[in-house]
Amino acid sequence: MKNIVLIGMPGCGKSTIGVVLAKVMGYQFIDSDLLIQEQENRLLSEIIQQEGIEGFNEIENKVNASIRAKKAVIATGGSVIYGKEATKHLRDIGVVVYISLPYEEIESRLGDLVERGITIQEGQTLRDLYQERCPLYEEQAHIMINTQGLEIRDSVKLIKEKYEQYVEQPNLL
Ligand SMILES: Nc1ncnc2c1ncn2[C@@H]1O[C@H](COP(=O)(O)OP(=O)(O)OP(=O)(O)O)[C@@H](O)[C@H]1O
Ligand SMILES: O=C(O)C1=C[C@@H](O)[C@@H](O)[C@H](O)C1
Ligand SMILES: [Mg+2]
């Protein structure tokens, strides 16, 4: 049985939707960010501060590439798509679902980027990051779902439907 892997911009709802989706599916819930914090015994923001963005990306790549799971919803961190081994592994063990939202919605959901621990280069704006990452999420996803205007329960329902359709007939989506 495949896992469901959620990718997308920080704040798009991977963790918030993922935990409810896992409950509805009867799957385990794994949050990659929490695995990283557990394994490093540090907060994400501390890792980014102490190791720099590249150092954090290496740790994130390694942790995600070593996830072993069956029948799990895996909520990844927003920057997971920079890790080559991680993205390959996640596509191998699961159906990758990109939760997409318009830029304005992401911006309004994110508070202090530094406190939240987003890997944004100096001089780069959130809009730059959005434009850089969206094509990468699209490239890695088996399924893309626009959740604009949807409540959590509606996003869960839609992801479950699309996932089940994909498992039945992967070529139709
Ligand atoms: N309709 C909605 N669906 C999902 N989340 C919503 C919705 N409306 C508001 N939110 C809020 O948006 C935020 C989503 O944050 P969440 O931590 O789930 O994102 P994430 O994709 O896991 O980000 P990260 O990449 O940083 O882990 C939460 O604060 C949630 O309460
Ligand atoms: O999008 C990002 O750059 C990040 C998102 C979080 O989920 C964490 O993985 C980390 O704080 C980096
Ligand atoms: Mg999250």
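**Labels and their cut-offs**

Modeller: By class, the shell around ligand 2 is made up of 3 nonpolar, 5 polar and 1 charged residues. Here Ala, Val, Leu, Ile, Met, Phe, Trp, Tyr, Cys and Pro count as nonpolar, Asp, Glu, Lys and Arg as charged, and the others, Gly among them, as polar. This is a predicted model, in which local features need pLDDT of at least 70 and side-chain atom pairs count only at pLDDT 80 or more, while totals for chains, interfaces and linings use all residues. Residues are numbered from 1 along each chain as its sequence is written, and chains are lettered from A and ligands numbered from 1 in the order in which they are written.

Colleague: Which residues are around ligand 2?

Modeller: They are Pro10, Asp33, Leu44, Gly77, Gly78, Ser79, Gly117, Ile118 and Thr119, where near means that the C-beta atom, placed from the backbone, lies within 6 Å of the molecule.

Colleague: Why is Asp33 called buried?

Modeller: A residue is buried if 20 or more other C-beta atoms, placed from the backbone, lie within 10 Å of its own, exposed if 12 or fewer, and partly exposed in between. Asp33 has 21 other C-beta atoms within 10 Å, and therefore it is buried. Asp33 belongs to helix 2 (residues 32–40), a helix being a DSSP run of H or I with at least four residues and a strand a run of E with at least two, numbered from the N terminus.

Colleague: What makes Arg133 partly exposed?

Modeller: Arg133 has 18 C-beta neighbours inside 10 Å, so it counts as partly exposed. Arg133 lies in helix 7 (residues 126–140), and the unreviewed UniProt entry lists Asp33, Gly78 and Arg133 under "binding site", although such annotations may be inferred rather than shown by experiment.

Colleague: How do Gly11 and Arg116 come out, buried or partly exposed?

Modeller: Gly11 counts as buried because it has 21 C-beta neighbours inside 10 Å, whereas Arg116, with 13 other C-beta atoms within 10 Å, is therefore partly exposed.

Colleague: How do you know that strand 1 and strand 3 pair?

Modeller: Strands pair if DSSP finds at least two bridges between them; 3 bridges join strand 1 (residues 3–7) to strand 3, and the two run parallel. Strand 2 (residues 28–31) is likewise parallel to strand 3, joined by 4 bridges. Opposite Ala75 in strand 3 stand Leu6 and Asp31.
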